[in-house]
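Student: I have a sequence and a model open on my screen. Can you show me how to read it, feature by feature?

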Amino acid sequence: MALITTVLSLSSTFIITIYTGGINSPFIFILAIIVLAGYVSTRFFGRVYLYIVLLIIILIYGMGFFGSDFISNGIPPKSQSTFSLASVLFGVYLLGNIFGRDLLKAHHKLYKSKSELENRIVEKEMLLREVHHRVKNNLQTISSLLNLQSKYSKNEEVKELLGSCQTRVLSMAMIHEMLYMKDNLSKIDFKPYVQELVKYLIKSANKKNGAISVNINIPDIMLGIDTAIPLGLLINEAVTNSLKYGFVKNNTGQIDIILDKHEDSGMYTLEISDNGIGFSDTLDFKKANSLGLKLIHNLARQLKSSIKRDFSRKGTNYSISFQDKDKHFKPAT
């Protein structure tokens, strides 16, 4: 309807214009409105009408320049008021009833689509928050089952294995708990997470490790869940190994967890170290019998990196460089 109306308006405006003064006709301004009508229909027709109107205006100017007989010298004085009234009424009708109505419909549809989209986003956020909440509850249930099973076992080795599995499960549960409690459902504030995780590990350790202090130096950063989970498990394994094996001969010591961000490359470097007794320099992560050491190696591979050891310092020192999987960083060239 808008397209048909625009064609009829263009034709009638052209005819009226050439008989009411040509390029000097007060009715020629309606041609500009025809361009708006084209854009109301679609952008393509808007461009088409723009070029057509420009050609018509040039044509009308040329007809007046060559003294065409089709163009009168102007509107008779006695008819000027009537013509002005007709021009204003036609312009108002064209703008208000036709273009205004179409614009109003387009605005209403846009507003309705925006409202529906916002409602869907809110609904999806609520569902995602509920998913994180349920995952956290399920992981805590698994942890409780492992704890219950360890109490019924008389084998100390089995109890130790179940306890290690319990801390790994809880390290993942903490992430989901922090996600559904925060506004951001895809990224986690990493520093509070590490502080809470280490606090739990220290509490779960034997009393002989009570004098061991932990230094956490992590900037205020947000990491995606695909990065935070393997990184949290890696910290869990490294700190647990330090607490269990690093201070056997001495119940005092320090564990350092340091995370540095490299602004130029978008990479992160995590260092986990202790001043305990350490372990053999010839020990290979890939071939070690310890499940914890194998996990550290595999988790580093999951982060598309590799674990490095610093033999120049006392104790055990791990270093890993990685990039947040949820952050598409493009380094400067």
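Tutor: Start with one side chain. Setting aside neighbours within four places in sequence, Phe190 is in contact (heavy atoms within 4.5 Å) with Ile218, Ile221, Leu223, Ala228, Leu231, Ile235 and Leu259. This is a predicted model: local features need pLDDT of at least 70, side-chain atom pairs count only at pLDDT 80 or more, and totals for chains, interfaces and linings use all residues. Residues are numbered from 1 along each chain as its sequence is written, and side-chain values use heavy atoms, with hydrogens and water left out.

Student: Which residues touch the most other members of the largest nonpolar core?

Tutor: The general idea comes first. In soluble globular proteins, nonpolar side chains tend to be buried together. A nonpolar core here is a set of buried Ala, Val, Leu, Ile, Met, Phe, Trp, Tyr and Cys residues joined through side-chain atoms within 4.5 Å. Buried means under 20% relative accessible area, exposed over 50%, and partly exposed in between, using a 1.4 Å probe and protein chains only. The largest core has 40 residues, and Phe190, Tyr193, Ile235, Ile257 and Leu270 touch the most other members. At least two residues each come from H5, helix H6 (190–204), H7, S4, S5, helix H8 (291–302) and S7. H7 gives the largest share, 9 residues. Helices (H or I, at least four residues) and strands (E, at least two) are DSSP runs, numbered from the N terminus.

Student: Is Val194 buried or exposed?

Tutor: Val194 has 0% relative accessibility, so it counts as buried. It is placed in helix H6. Beyond neighbours within four places in sequence, Val194 is in contact with Ile216, Ile218, Ile235 and Ile257. Val194 and Leu231 are 37 residues apart along the chain, yet their C-alpha atoms are separated by 9.7 Å.

Student: Now the sheet. In what order do the strands stand?

Tutor: Read a sheet through its pairings. Two strands pair if DSSP finds at least two bridges between them. Here 5 strands form an open sheet, ordered S2-S4-S5-S7-S6, with mixed pairing. Strand S2 (211–217) and strand S6 (308–309) are at the edges with a single partner strand each, so one side of each has no neighbour in the sheet. Helix H7 (residues 225–246) packs on this sheet and touches S2, S4, S5 and S7. Its direction makes about 15 degrees with that of S5; angles run from 0 to 180 degrees between N-to-C directions, and axes are lines fitted to C-alpha atoms, for helices over the stretch in contact.

Student: Which strands run parallel?

Tutor: S2 and S4 run parallel, joined by 7 bridges. Ile216 is opposite Ile257 in S4. Strand S4 (residues 252–262) pairs with S5 in the antiparallel sense over 8 bridges. In that pair, Lys261 faces Tyr268 in S5, and Asp256 is opposite Ser273. Their hairpin has 4 residues between the strands, and Gly266 there takes a positive phi near 75 degrees.

Student: Why is S5 called largely enclosed?

Tutor: Count its buried residues. In strand S5 (residues 267–274), 6 of the 8 residues are buried, so the rest of the structure largely encloses it.

Student: How do I read two helices that pack, and at what angle do H5 and H7 meet?

Tutor: Look at angle, axis distance and residue class. Helix H5 (residues 156–181) packs against H7 at an angle of about 145 degrees, with axes 10 Å apart. By class, their contact has 8 nonpolar, 5 polar and 4 charged residues. Ala, Val, Leu, Ile, Met, Phe, Trp, Tyr, Cys and Pro count as nonpolar, Asp, Glu, Lys and Arg as charged, and the others, Gly among them, as polar.

Student: Last one. Where does Lys304 lie?

Tutor: Lys304 is in the loop between H8 and S6. Its relative accessible area is 76%, so Lys304 is exposed. It is not a glycine, yet Lys304 has a positive phi of about 60 degrees.
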